[in-house]
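Hello,

Here is the structure we talked about handing over. My notes on it follow below.

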Amino acid sequence: MKKIFIITLLILGSLHSFAQTDSVKVEQFCQVIATPRLLSNRVTIDIDFGDEKKFWSDTRLRTWEGKVKKFNTIIDAMNYMGKEGWSFINAYPVKYGDSEIFHFAFRKMFYRSDIQ
């Protein structure tokens, strides 16, 4: 009886040790850049996650089908980011020629194991 009790304790103890999860959360940031389209009220959205960019790389937001995601307004893009779990931090415009390019900073908490 003593052996069965010890074996049961060992089995239950080993099951508990395998159930560990990564509970450390890390804050990540991104910058959303909204560029107005020529002769349209829509905007093109570029997202900067801090990754290394190549000269010809395309950082525009894409749908699951791979098509470029088009937004009607900047508020439409901000609502989309909110639905994805990103929190708005700050926004500022940058004048470029005759137009203004809007920059939005967002943050989101991730588990450390999800980031790599």
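This is a predicted model: local features need pLDDT of at least 70, side-chain atom pairs count only at pLDDT 80 or more; totals for chains, interfaces and linings use all residues.

His-103 counts as buried because its relative accessibility is 14%, below the 20% cut-off. Its side chain makes a polar contact of 2.7 Å with the side chain of Gln-31. Leaving aside residues up to four places away in sequence, His-103 touches Gln-31, Val-32, Ile-33, Asn-90, Ala-91, Tyr-92 and Val-94.

Next, the charged pairs. One salt bridge turns up in a search of the whole structure. Its partners are the side chains of Arg-107 and Glu-27, at 3.5 Å from N to O. This pair links distant parts of the chain, with Arg-107 in strand 4 (residues 99-111) and Glu-27 in strand 1 (residues 25-36), 80 residues apart. Both ends are partly exposed: Arg-107 has 36% relative accessibility, and Glu-27 has a relative accessible area of 34%.

In soluble globular proteins, nonpolar side chains tend to be buried together. The largest nonpolar core here has 13 residues, and Cys-30, Val-32, Ile-45, Met-81 and Phe-106 have the most contacts inside it. Two or more residues come from each of strand 1, strand 2 (43-48), helix 2 (74-83) and strand 4.

Last, confidence. The mean pLDDT of the chain is 80, with 78% of residues at 70 or more.

Regards

Key:
Residues are numbered from 1 along each chain as its sequence is written. Side-chain values use heavy atoms; hydrogens and water are left out. pLDDT is the predictor's confidence in each residue, from 0 to 100. A salt bridge is a side-chain nitrogen of Lys or Arg within 4 Å of a carboxyl oxygen of Asp or Glu. Helices (H or I, at least four residues) and strands (E, at least two) are DSSP runs, numbered from the N terminus. Buried means under 20% relative accessible area, exposed over 50%, partly exposed in between (1.4 Å probe, protein chains only). A nonpolar core is a set of buried Ala, Val, Leu, Ile, Met, Phe, Trp, Tyr and Cys residues joined through side-chain atoms within 4.5 Å. A polar contact is a pair of N or O atoms within 3.5 Å; within protein, one must be able to donate a hydrogen and the other to accept it, and residues adjacent in sequence count only if both atoms are side-chain atoms. Contact means heavy atoms within 4.5 Å.
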